[in-house]
Amino acid sequence: MTAPPLAGYQEELSNATASYMAPEGLEAIRRALEIAYQSRGWETPGRSEPRLKHAVAVARVLCELKMEASAVSAALLAGVTKRCPPPS
């Protein structure tokens with residue numbers, strides 16, 4: 001399965017936040033999205049993309065409510081730790 005384009009998700013969230021968020025907040029959201037994107041395990045066909053789409057959709061709703069960057073980032077990162085191995 002081909003991963004959905006990260007740039008499309010970044011543009012969607014950037015457009016939703018650009019009118020009210022400082023550049024530092026936009027950068028925090030960009031980093032959170034990259035982590036979420038990388039953690040989804042694209043080798044599992046049919047299962048990863050819906051989870052990422054859901055996380056982006058929730059983050060978009062928070063952007064529409066003009067929530068701060070930490071709330072939007074948390075929405076993107078929810079569930080990421082479930083898919084990451086524990087630290088050594």
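Trainee: Which residues in α4 meet Gly-25, Ala-28, Ile-29, Ala-32, Leu-33, Ile-35 and Ala-36 in α2?

Mentor: This is a predicted model, in which local features need pLDDT of at least 70 and side-chain atom pairs count only at pLDDT 80 or more, whereas totals for chains, interfaces and linings use all residues. Residues are numbered from 1 along each chain as its sequence is written, and side-chain values use heavy atoms, with hydrogens and water left out. Helices are DSSP runs of H or I with at least four residues, strands are runs of E with at least two, and both are numbered from the N terminus, while contact means heavy atoms within 4.5 Å. On that basis, the residues of α4 that meet this set in α2 are Ala-69, Val-72, Ser-73, Leu-76 and Leu-77.

Trainee: How many nonpolar residues does the contact of α2 with α4 have?

Mentor: Ala, Val, Leu, Ile, Met, Phe, Trp, Tyr, Cys and Pro count as nonpolar, Asp, Glu, Lys and Arg as charged, and the others, Gly among them, as polar. The contact of α2 with α4 has two polar residues and no charged ones, and its nonpolar residues number ten.

Trainee: Are α2 and α4 roughly parallel or roughly antiparallel to each other?

Mentor: Two packed helices are described by the angle between their axes and the distance between the axes. The axes are lines fitted to C-alpha atoms, for helices over the stretch in contact, and the angles run from 0 to 180 degrees between N-to-C directions; under 35 degrees counts as roughly parallel, over 145 as roughly antiparallel, 65 to 115 as roughly perpendicular and the rest as oblique. The axes of α2 and α4 come within 9 Å and cross at roughly 5°, and therefore these two helices are roughly parallel.

Trainee: At what angle do the axes of α1 and α2 cross?

Mentor: Helix α1 covers residues 6-17 and helix α2 covers residues 23-39, and their axes come within 10 Å. These two helices are roughly antiparallel to each other, and the angle at which their axes cross is roughly 150°.

Trainee: What is the relative accessible area of Thr-17?

Mentor: Buried means under 20% relative accessible area, exposed over 50%, and partly exposed in between, with a 1.4 Å probe and protein chains only. Thr-17 lies in helix α1 and touches Leu-26, Ile-29 and Cys-63, not counting residues up to four places away in sequence. Thr-17 is buried, with a relative accessible area of 1%.

Trainee: Within what arc do the buried residues of α4 fall?

Mentor: Helix α4 covers residues 69-77, and its buried residues are Ala-69, Val-72, Ser-73, Ala-75 and Leu-76. These residues line one face of the helix, because, seen down the axis of α4, they fall within an arc of 155°. The arc is that of the directions from the helix axis to the C-beta atoms, and its value here is 155°.

Trainee: Which residues does Ala-28 touch?

Mentor: Ala-28 lies in helix α2 and counts as partly exposed, at 23% relative accessibility. The C-alpha atoms of Ala-28 and Val-72, 44 residues apart along the chain, are separated by 9.2 Å. Leaving aside residues up to four places away in sequence, Ala-28 touches Ala-69 and Ser-73.

Trainee: What is the phi value of Lys-66?

Mentor: Lys-66 has its place in the loop between α3 (48-64) and α4, where it counts as exposed at 52% relative accessibility. Its phi is positive although the residue is other than glycine, with a value near 60°.

Trainee: What share of the residues in the chain is buried?

Mentor: The secondary structure of the chain comes to four helices and zero strands. Among contacts between residues at least 6 apart in sequence, 67% join residues at least 24 apart. Of the 88 residues in the chain, the buried share is 34%.
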